[in-house]
Amino acid sequence: MRFVPLAAAAALLCSAALTACTAGRQAGPSLGAPRPSGSASQALPAATIELWHGFSTDAEVKAFEEAIARFNQKYPQITVKATKGVQDDQITQAVRGGNPPDVAASFTTDNVAQWCRSGAFQDLTPVIRQDGVDLSVLPAVARSYTAFEGRQCTLPLLADAYGLYYNKALMKGHRPPRTLSELAELAKKLTVRDADGTIKVAGFVPSVQYYENTPSHLGPMVGAKWYNPDGTSAIGSDPAWKKLLTWQKELVDWFGHDKLEKFRKGLGDEWSAEHPFYKGKVAMVLDGEWRNAMIANDAKGLDYGTAPLPVADDRPDLYGSGFTAGTVIGVPKGAAHPRQAWELVKYLTTDTASLVTLSNALRNVPTTKAAMQSPDLAKDANFQTFLDIFAHPRTSTLPPSVNSVFNQEAFAAFAAKWERGAVPDLAAGLKDVDRQIDDKLKLSGG
Amino acid sequence: MTCLPPAPPARRWRGEGPRALLWLSPWIAGVSIFFVYPLLSTVYFSFHHYDMYTLEFAGLDNYRYLLRDPRVGVSARNTLWLVAIMVPATVLFALALAQLVVRLKAGAGLLRTVFYLPSLVPMTAGTITFVFLLNPGTGPVDHLLSLAGVRGPDWFGDPDWSKPSLTLLSLWGCGQLMVIFMAALLDVPRHLYEAAAIDGAGPWRQFRSVTLPVIAPVLMFALVTNVIYALQYFSQAMVASRVASGTTDSPGSSFTPGYPDESLLTLPQWLFQAGFRDYSMGYACVLALLLFAVSMVFTLILLRQFRRAGAEEGS
Amino acid sequence: MSVTREVTALAARPAAPGDARRREGARARRRRVLLWIATHALAVTLALMFLAPVAFMALTALMTDEQALTSELWPRSWNWGNLTEVFDRSLLLRWAGNTLLYAALGTLFTVVSSVPVAYALARFRFRGRRMAFLVVITTMMLPPQVVAVPLYLVWARLGLTDSLWPLILPMVFGDAFSIFLLRQFLVTIPREYTDAAKVDGCSDFRTLTRVVLPMARPAVAAVALFQFFYCWNDYYGPLLYAGVQQDHLTLSLGLATFKAFHSVQWNLTMAATLLVTAPVIIVFFLAQRVFIEGVTLTGVKG
């Protein structure tokens, strides 16, 4: 008879299982419910809220925790428990599993469309209206990557702009390249190799698998388009991609694919002090504005300069622009304390003093106009480059799509195959990427 | 040994059904919850779009997508490679190793331990170690090869070499199989070898006419189970891809399984990606049914083995 | 085992006259010596190759950051600090704790729940016995990914994702592989023993605990060890259910993320790998015989 309790437990679990095929756990309290009239924000009940963010280097984490501490001075009753180094997968999984944090910040905008459409992140529109937050203080591009289909489910918390970093000593007096041909030429000139061809110093690593060289970051150099207006893929039909990939392959072949891979795999970690740019192993890199802060921390003596990315030879109008995206922050569905969470989100994304301090520490582009014009914003030449790129009218972001991650992966996988020389017909290969993206779009009912 | 109180009227074999049911009930419940229910549910979801938020009927959409998804073909080809090359290579290597160890007069115990140990090394640890050993530029293997004047390939970074690299890992971890084969080989009566030797049979003839017939059932069992494990191949490939790609888990650099060039992509990985990274759970269920169908074929072969063995045992 | 014997009998053939052996005596002896040397040399070479990965793992674990990025094989200085640095840089102890919880509870549940099932399958005669055994083999061979989606949804519904419970709790209901293995062993116990117990008036339960289990000790030990190692090394399960938060990871999973966070610090990665591998090896040496016996058991056909 000893199995009776077990059998009972089994039956219990069984019935739980049978009722489980319907979706999701019930949501926690959500935002936008009418608030007791006349209550000031300070009257919020005490709570401990969980915050997940992606910052991982010691300096970044410290700066971000200081921002939270300033929030705490304003709201002493709210305790914020921050978890660092969190990635999108983890956020999505936690929301779906029903154990979300109260506030989540992501470094990428890739999942915003998915989060807004599915309701994984709560639509902030009602509270934005309630609290009278004016969204026009945000640059248009930042508004475009934080909302989808009319739902403002995240807000921008500092933006990123991408440009070119160059090591002045390794440049041997050359000025930073302005076109792709100049970049290729200079990359070859600055590369140092052993007798047997082993790369010692690379002028520029053209591999799409190298750190920040993702297709989305490279695309703006040639003004390449990802999507048609109807959301289908434009990768195969936009000749700019062909131009970019042909240029890139030519440079990869100049290095020799195997040699380049061997070099790439021997390089230090992107987020550590071993970064090859600090170590003088690469002369020029495509990177985000935050690299300024990391260099200041990890490679103090490095003499470097920054410039906009080189652009296609026949598109001089693009020079000065670049790729931008940013950190987004929002309140996931199922958050235990959405009101307190919203106060934190509001503070971090709109408080000028907070944005400026954070921007100065992280060297990220602040995302409100007031913060950008603040006299307290530390500006040096290297950082100013990125403020200018961010403000450039042709600067673009990756348009939101519910399959953003899948689409970028499909393209990146193809690009890796291409640079290896495993793609005989570029046009046909790009058409195939189109087909994958469009099929997937159909599957997700877009 | 005595048990009190003394015997009730002797029970014969009749009427053991209810008792068996009682004893098996937890397991039956387990099979229902963790096998039957999810299997039926998988069929149900395969006709729906589901992302854990909204469930909507999709008809045959997911099945149609299966036919258009280039990664299904890729992973099928990869799995075929594993089944056709990695599995036989591992089984044969384990058999050869067992033959060798059985023949040893000195140090057999120690060497058996050495050959067995790697199979206990945690899979993640073993895979990371192999990626390190074979890392181009810094890895010891390429270094040793270069001393011999050979330029090593990019191993885990080259689509043509990634599966052979994993095969090396699999050979290294074949200790379990080796021990199984050793036991089978020790089952072969010694006098048969002597008789065959006197007949003038060479080592190969001896193996074919004496050893093979005896160990055939064990060999067959090993082959089929390893084929089934190859169909489930997931962790080693996943870890190897991740570690070898050299891309950090950095924000924005999303990871495609199967690096390099999807040469290590297997169906279970693609299913995992579709279901738990893309959250196309309906489509993941279609992939699951495909995986189920394929592994059922091999399970049936295995079951036939059992039935044959069982019949000859006369139970 | 009877198959083995039958097949052997078929393969046997009449022995040749004995004088052939005498004539070739000296030559044969020389050949045997050469063969002995060749066999042992080959075995030792292979053994060295089998040990090499672990040796390189250990050597690299003690190098400096810079040296680990070169192709040098021998550490220029012995950096024992790398081992402690792993603890500082990761939640290794936490992961070990999680893994231990998973492995210990998983093993306990599996053994307690699988023994009765295996016993029933091996001893009781009832309609559907063969069917039940076929189901055991089928579920044993089922790729875990096949039923992953609906089960994940169930556990998410119960709020148990982001923990190891979805992996531990099912083991309360018996584990197919363990049932299979135990059943294979239990059928070899002669019926006379259990029959005698029955005649003495023992209940099924007492027969199991007093008569069968003591005889099946090696099989139970093997099942426990296998299950423990399965849980300890499992990567897929924890990746699916406990891969969200750093402090919920297991050793296998944590080790894989460790590499991701310390991209090319091969010395630290190898130090972590060494730390994860060492306990397993130690346990093996403590229980070597149980292992070998257990593995042998898995190879026995039905």
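**View 1. Confidence along chain B.** Chain B has a mean pLDDT of 86, and 90% of its residues score at least 70. Confidence in this chain is lowest in helix 13 (residues 281-313), with a mean of 84, and highest in helix 7 (residues 162-172), with 96. Residues 4-13 of chain B have a pLDDT below 50, and the model gives this stretch eight contacts beyond near neighbours in sequence. Where pLDDT is low, the predicted coordinates should not be read in detail.

View 2. Over residues 1-27 of chain A the pLDDT stays under 50, and the model has 37 contacts beyond four places in sequence for them. Residues 36-40 of chain A are also below 50; this stretch has zero contacts in the model beyond near neighbours in sequence.

View 3. Chain B contains 13 helices and two strands, and 53% of its 315 residues are buried. Helix 11 covers residues 235-245, and eleven of its eleven residues are buried. Among them are Q236(B), M238(B), R242(B) and V243(B). The loop between helix 11 and helix 12 (267-276) holds P260(B), which is joined to Y259(B) by a cis peptide bond with omega of about -5°. E262(B) is found in the loop between helix 11 and helix 12 as well. E262(B) is not a glycine, yet its phi is positive, at about 60°. E262(B) counts as buried because 24 other C-beta atoms lie within 10 Å.

**View 4. M52(B) between the two strands.** M52(B) sits in the loop between strand 1 (48-50) and strand 2 (55-57) of chain B. Its phi is near 75°, a positive value in a residue other than glycine. M52(B) is buried, since it has 23 C-beta neighbours inside 10 Å.

**View 5. Nonpolar cores.** The largest nonpolar core has 180 residues, of which M178(B), F181(B) and L287(B) touch the most other members. Helix 10 (residues 203-231) of chain B gives the most to this core, 13 residues. Apart from neighbours within four places in sequence, L287(B) is in contact with L267(B), W270(B), L271(B) and A274(B). A second, separate core of 126 residues includes V127(A), M221(A), I295(A) and A341(A).

**View 6. Helix 3 of chain C at the contact with chain B.** Contacts between these two chains involve 96 residues of chain C and 108 residues of chain B. Helix 3 (residues 25-61) of chain C supplies the largest share of the chain C side, twelve residues. That side is made up of 60 nonpolar, 25 polar and eleven charged residues. Helix 3 of chain C has 37 residues and reaches 54 Å from its first C-alpha to its last, close to the 54 Å expected at 1.5 Å a residue. A kink of about 35° lies at A52(C), shortly before the proline P53(C). Buried residues of this helix include A43(C), F50(C), P53(C) and M57(C).

**View 7. Helix 7 of chain C.** Chain C has 17 helices and zero strands, and buried residues make up 47% of its 302 residues. Helix 7 spans residues 129-141; at 1.5 Å a residue its 13 residues should span 18 Å, which agrees with the 19 Å between its end C-alpha atoms. The buried residues of this helix are A132(C), V136(C), T139(C) and M141(C).

**View 8. Surroundings of Y241(C).** Y241(C) belongs to helix 14 (residues 236-242) of chain C. It is buried because 26 other C-beta atoms lie within 10 Å. Not counting residues up to four places away in sequence, Y241(C) touches W155(C), T161(C), S163(C), L164(C), P166(C) and L167(C). T257(C) is 16 residues from Y241(C) in sequence and 15 Å from it in space, C-alpha to C-alpha.

Key:
Residues numbered from 1 in each chain as written. Chains lettered and ligands numbered in written order. Predicted model: local features only at pLDDT ≥ 70, side-chain atom pairs only at ≥ 80, totals over all residues. Helix = DSSP H or I, 4+ residues; strand = E, 2+ residues; numbered from the N terminus. Buried ≥ 20, exposed ≤ 12 C-beta atoms within 10 Å, placed from the backbone. Expected span 1.5 Å × (residues − 1). Contact = placed C-beta atoms within 7 Å. Nonpolar A, V, L, I, M, F, W, Y, C, P; charged D, E, K, R; others polar. pLDDT = per-residue confidence, 0-100. Core = buried A, V, L, I, M, F, W, Y, C linked by C-beta atoms within 7 Å. Bend = angle between axes of the 7 residues up to and from the residue.
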